[in-house]
Every structure is written in C-alpha cells, then in structure tokens.
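Reader: Hi! Could you walk me through this one?
Author: Happy to, here it is.

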Amino acid sequence: MAQLWGGRFTKETDQLVYNFNASLGFDKKLYKQDIQGSMAHVKMLAKQGILTEQEKDEILKGLTEILQDIEEKKLEFSPEYEDIHSFVEANLIKRTGDVGKKLHTGRSRNDQVALDMKLYVRDEIQETDMLLKELLETLLKLMEDNLHTYMPGFTHLQKAQPITAAHHFGAYFEMFKRDRSRLADTKKRLNYCPLGSGALAGTTYPLDREYTAELLGFDGATLNSMDSVADRDYLIEYLSDLSVIMMHLSRFCEEIILWNSNEYQFIEIDDGYSTGSSIMPQKKNPDIAELVRGKTGRVYGALMSLLTTMKGIPLAYNKDMQEDKELAFDAMDTVKGCIALFNGMLETMELKKENMEKSAKNGFTNATDAADYLVKKGVPFRDAHSIVGELVLFCVKNQISLDEMPLEEYQKISPVFEQDIYEAISMKTCVETRNTIGAPGPEAMKKVLEIQKKYLEDC
Ligand code: ARG
C-alpha cells in the first residue's frame, strides 16, 4: 500500500478496506488524461512563479517517461497504489525525488479526477462520433444504391404503403445524424475546465485557471469550485447519448433479425456475421444483431446507475462518485464495439430485392393510392376511403390483389373507375410519385441525398 495520506493515521488500513476503497483496477484507464492534466498544471504553476522553470522541466520529463513506459508496458499498474493519481505521483517521486513532491501543489484529487474524467469523455465523444460517421457513410451508399428498390413500409408491423429500401435506410441516417449532434451538444457543455477548484474551495495560490483551461483545449474555466468537483452531468448526458444510440441500433437490429428470418427473406446476413447451432445443422443465426440488441440493456443500466448514485449526495465531492467509472467505461466500450460490428454487418448483408418488391406488392399497400385516384376524379376523400374499403373486402374474399381485380368489378363498386386505375395503383406510380420533401419518391430522395452528402463532407 503506497498511500498519499498516511500522516494523520496511527494504524495501517485493513487490507479489505484498502481493496474496497481502491480504484486503480479500473481508473488506470485514465492514465493518459491524468498525465496530460498534470503536465498542464505544472506548466501553469511555473508560469505563475509557483514552480521554477527547472522544476517544471524535471517534472515534465518525468511525466513524459512515465507515459512512455506505461504505453510500452514497461511500467505496470501494481495494486499497491490506491488510484491512478497516486500511481502517477508516486512514480514521479520515485524518478525525480523531492521535485516530484511539488506536482500536487494547489491541486486536490477531487479536481484532478473531475478533469481526468472530462478529458476522457471528450476523447470518447470524438471516437464515437467518428464511428457514427462511418456508419452514416455505409447508410448513404445503401441509399444511393437502392433508390428504386421497392419494399413494404409498415405501421403496427402490418404492411402499410410501399416505400424503397433507400427511404428505410434514410430513416436511420436521420437518427444517427441526430446522435452525432447530441454528442456535439454534450461536448459544448462539458468543455469547461475544473482544474484549480482544489478539494472544493479553490486555493490560495495564484493559479491561472484560464491558462490551464486553454492548454487543455477547454473553452474556459468552470465558475464554481464546489460544482466543479461535484458535477457529473456531462457523464450522465454522455451515457444518455449512448443509450439513445443503442436504442437506435437495437431497433435496426430488430428489423434486420426480422428481415433475415425465413418468413421475410428480405436480406441475408453475411456468413461472416452469422453463427451456427451446435445441434441444428441448418441454422444460420443472426447472433450479432441479437447481441447488439441485448447489450442495449447494459448501457441503459450504466445511465440508471449513475443517475441513482448522484441523486442523494450532498455537495461537494463524496466517494460515492468513484462509482461513476466502471459501468460508464463498460458502456463506452460496449457502444463503440456495437457500432463498429453493426457497420460491418450492414456493409456485407445482401438485399434480396425481388423478395422485398414481391412483398410490397401484396397486402394492399396501394389501397391509399386507389383512394387518392378517386379523389383526383372529384370524390371526397372520406367517400373514397369507404369505396376502397369495399374493393379490399372483395379482393380478400376472392384472394386477389387490387391490381388483379377486373375493371367491371371496380365499376360495380364505383362507376368513377376507368382503365387508368391500374396505372394509378402500380408499384412504380405509388412510390415514384411521392415526391414531397422527405418522401420515398426518387426525386425527393435525390434532393435529400445531396443534403446528406454535403453534411458528411462538412462534418
Ligand atoms: N478515486 C477517486 C474517484 O474516482 C479519486 C478522488 C478521490 N478523492 C478523495 N478525496 N478521496 O473519485
């Protein structure tokens, strides 16, 4: 046990207590951010004349070597250190002697850990955003390739109206685009530097907090030292962003599982992204999609856990807040893994376009268009709706589609119908004439594609 705080104690910490309290096992993930923060702190201390230039240089050299040794696995995270902050500081003192003992001047682990976590989340936001961008690029390609791939659109999981696969993928494009913008919002509010807040009440040293903030790429220093050490809102926001991403991935996975089923046969997941059964030789299971759907619960769990941890703790720092890490780290890694795997599965799956189109043709997906046909000929919509209802009933009884129903039967129900009804309710007309903004018609889709393409070029 190499603790930072032995002075006022008369007894050694019990080993079980030590283990219970220690966090190095998981906060070692913060080593890079911890060192990055210490470097900025030391530079600021020297600028303010609190450390000499020489002391600064010695400490920076020591920290650089520690970082290098960790990355080259020459320095291991041995459990005798309580947390990542003690680990780095103790190793610095080992290497530099007395000068290393000056690193923690004007700083507490409370503002230090708040900074480390913010830096970590900021890096994570960047990585997750890049993965989402790659996913959007895959979706854009699928959209470009499938402007005329007809498929049924569903409501209540009942066939509703025909759409295109491009349009369906476009819906997910919008979702993941919003997810990226949520990440950017989270970063905006996160990006103020807590370092220099001390344990809770600032310090008496003439720290230049704005300077430290600038060195670390923040938009400024936080304005209340108690809030600075007690705030985990940014992490809650990030976990909420991640939860929404997982909700989107999970819905998409659910559809992929349905589409890949024997009943739908809209797609075939690539062999590389499927698994077999140990007993049933014929099986090819969509395990990856199921696992992504399943892992969603785990990410929600991290969000709920932190909200619950934070809800009852008085200002300012309390040790409860150490519980912000394990589940959050797990959630962050889980989401990155899920996006990357999902993207691979999407890129490689095969669309069975004929089956999609065949499915779009039955189930009366053109019934609305038959009603619209009557409206164009002067029938009020409510009457048209009822007339087409009768047509559908006739077709259901006779097991035919609207396209197969003879004209004289149409005319028995309403004399308004003429030969041009067949053209009006063809799949091509149904889809390709829906060209209001956001609709599946190819003219509308092409305009949207231009916007989405430009968006991906710009950010
Ligand atoms: N391991 C602690 C955490 O993650 C670091 C801060 C400890 N501060 C303290 N006063 N015990 O929250």
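Reader: Thanks! Into which domains is the chain divided?
Author: There are domain 1 (15–105), domain 2 (110–146 + 165–358) and domain 3 (360–458); such bounds come from an automatic or database domain assignment. This is a predicted model, where local features need pLDDT of at least 70 and side-chain atom pairs count only at pLDDT 80 or more, while totals for chains, interfaces and linings use all residues. Residues are numbered from 1 along each chain as its sequence is written.

Reader: How far apart do the C-alpha centres of domain 2 and domain 3 lie?
Author: Those centres are 40 Å apart. The contact between them takes 14 residues from domain 2 and 10 residues from domain 3, with two residues in contact if their C-beta atoms, placed from the backbone, lie within 7 Å.

Reader: And which helix gives the most on the domain 2 side?
Author: Helix 6, with six residues. Helices here are DSSP runs (H or I, at least four residues), numbered from the N terminus.

Reader: Switching to the ligand: which residues surround it?
Author: Its shell is Ser23, Asp27, Asp83, Arg109, Asn110, Val113, Tyr317, Lys319, Met321 and Gln322. Helix 6 (residues 109–145) supplies the largest share, three residues. A residue counts as near a molecule if its C-beta atom, placed from the backbone, lies within 6 Å of it.

Reader: Which domains does that shell draw on?
Author: Domain 1 and domain 2 each give at least three residues.

Reader: Lastly, what does UniProt list for residues 364–432?
Author: An unreviewed UniProt entry lists "domain: Argininosuccinate lyase C-terminal" there; UniProt positions are given in the numbering used here, feature names are shortened, and annotations may be inferred rather than shown by experiment.

Key: Helices (H or I, at least four residues) and strands (E, at least two) are DSSP runs, numbered from the N terminus.
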